[in-house]
Amino acid sequence: MLEAIPAAPGTYVLAGRLSRPVELPVGRLGMAAFQPGVLLYSGSALGPGGLKARLRHHLEGSSRPHWHLDYLRPWVRWEAAWWHAGPERLECRWLQALARSGDGWTFPVRGFGASDCTGGCPAHLLWTPEKLTWDGLHRAVLQAAQACQFVPGRAAG
């Protein structure tokens with residue numbers, strides 16, 4: 001999946017499936033419970049290495065968790081990523097558009113991934129129990145991006 005992702009700065013959405021309930025400590029958030037379903041995580045990667053480096057970190061992990069997603073990563077089968085290269089932080093707008101899409105999305109853990117958020121998001125992680133196909137998920141992510149007036153790239157694992 002990483003070969004297609006540019007090393008440019010930008011914003012991304014990472015999609016995966018959680019197959020069983022998990023309760024685990026998530027940094028300063030404390031204990032968090034996650035139910036089986038589809039997860040979407042959105043973030044920005046504006047530092048060195050850009051999108052490729054950040055998504056590599058999220059997908060491959062590290063010995064010491066840094067971001068909230070690092071705690072959840074071992075439990076999720078990550079299957080797709082979408083991105084938009086550019087210097088603007090778009091994760092709040094993109095995720096909020098997805099939350100309004102009508103596909104049953106909710107914010108499962110308040111504050112997850114949003115410790116530096118200035119967009120008023122309850123979290124940067126969405127969850128749905130829906131049995132979305134990847135085509136349906138791809139359409140939803142594209143429609144949300146188009147509502148935010150950009151077209152993302154995509155990589156599937």
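I began with Cys-121, which is buried at a relative accessible area of 11%. For my own use: buried means under 20% relative accessible area, exposed over 50%, and partly exposed in between, with a 1.4 Å probe and protein chains only. I noted that this is a predicted model, where local features need pLDDT of at least 70, side-chain atom pairs count only at pLDDT 80 or more, and totals for chains, interfaces and linings use all residues. Residues are numbered from 1 along each chain as its sequence is written, and side-chain values use heavy atoms, with hydrogens and water left out.

How many disulfides does the structure hold? I found zero, taking a disulfide as a pair of cysteine sulfur atoms within 2.5 Å. For Cys-121, the closest cysteine sulfur is in Cys-92, 3.5 Å away and too far for a bond. Cys-117 also has its closest cysteine sulfur in Cys-92, at 3.4 Å, again too far for a bond. Cys-117 is partly exposed, at 21%.

Next I turned to the rings. Rings of Phe, Tyr and Trp (its six-membered ring) pair if their centres lie within 6.5 Å; planes under 30 degrees apart are stacked, over 60 edge-to-face, the rest tilted. I counted four aromatic pairs by this rule. Tyr-41 and Phe-112 have ring centres 6.2 Å apart and planes at 90°, so I logged them as edge-to-face. Both Tyr-41 and Phe-112 are buried. Trp-94 and Phe-150 have centres 5.0 Å apart and planes at 90°, so this pair is edge-to-face. Trp-94 is buried, as is Phe-150.

My last entry: ring pairs join Tyr-12, Phe-34, Tyr-41 and Phe-112 into a cluster.
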